[in-house]
Amino acid sequence: MGIETYLAVADLLRSRDFPDRDDRSELGFGGPGHFTAELRISQGLRDADPALRAARAEEFRAECERLVDGLAARWGEPFEHGLQGIRLRTEKGEIPEPWAGFGTAVAHACVWEPSADGRWAAAGVADLDPSDEIRLLLVVTEVPLP
């Protein structure tokens, strides 16, 4: 997918109903009140050489920046948010989905406060787990950022 496709997915997620139950689809996964689109997934980087993984993660971050620029033109400027506090509170079971899963996978996100539709959005690169692929994620949710 390219940036234009990512933006079309973002528009779709802002307008479609959330799943009634936890479910996976061709775009990603979701549940009541939230959806996480996996816009891009690396191939073959599970337990890859750290230098190769770091280089590919930088490519994903650059792509995320282009996505954020496109979304900012539509939704306004996001605020940047480090997710370490969410990770720590997730360990204690205090954080609801989608923020718990997003926060354990993504170190830093760009977050848009709710629009008139009451939906939050966040974009980030999931690269914290070296035994998993790197993913470019977009969350749309009615669950407030903790």
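In the classes applied here, Ala, Val, Leu, Ile, Met, Phe, Trp, Tyr, Cys and Pro count as nonpolar, Asp, Glu, Lys and Arg as charged, and the others, Gly among them, as polar. The model described is a predicted one.

**Largest pocket.** The largest pocket holds about 220 Å³ of space. Helix H2 (50-75), strand S5 (106-112) and strand S6 (120-126) are the elements that each give two or more residues to its lining. H2 gives the most, with four residues. The lining comprises Arg61, Cys64, Glu65, Val68, Glu80, Ala107, His108, Cys110, Ala123, Gly124, Val125 and Asp127. By class, six of these residues are nonpolar, two are polar and four are charged.

**Packing of H1 on H2.** The axes of helix H1 (residues 3-15) and H2 come within 10 Å and cross at roughly 50°. H1 is therefore oblique to H2, and their crossing is right-handed. On the H1 side, the contact is formed by Ile3, Tyr6, Leu7, Ala10, Asp11 and Arg14, which meet Glu63, Arg66, Leu67, Gly70, Leu71, Arg74 and Trp75 of H2.

**Cis peptide bond.** Most peptide bonds are trans. Glu97 and Pro98, however, are joined by a cis peptide bond, with omega about 10°. Pro98 lies in the loop between helix H3 (84-91) and helix H4 (99-105).

Terms used
Residues numbered from 1 in each chain as written. Predicted model: local features only at pLDDT ≥ 70, side-chain atom pairs only at ≥ 80, totals over all residues. Heavy atoms only, no water. 1 Å grid on protein atoms, 1.4 Å probe; cavity = no way out; pocket = protein on both sides within 12 Å on 5 of 7 lines; lining within 4 Å. Points joined across faces, edges and corners; volume = space filled by probe spheres on them. Axes fitted to C-alpha atoms, helices over the stretch in contact; angles between N-to-C directions. Parallel < 35°, antiparallel > 145°, perpendicular 65-115°, else oblique. Left-handed = near helix turned anticlockwise from the far one by under 90°. Contact = heavy atoms within 4.5 Å.
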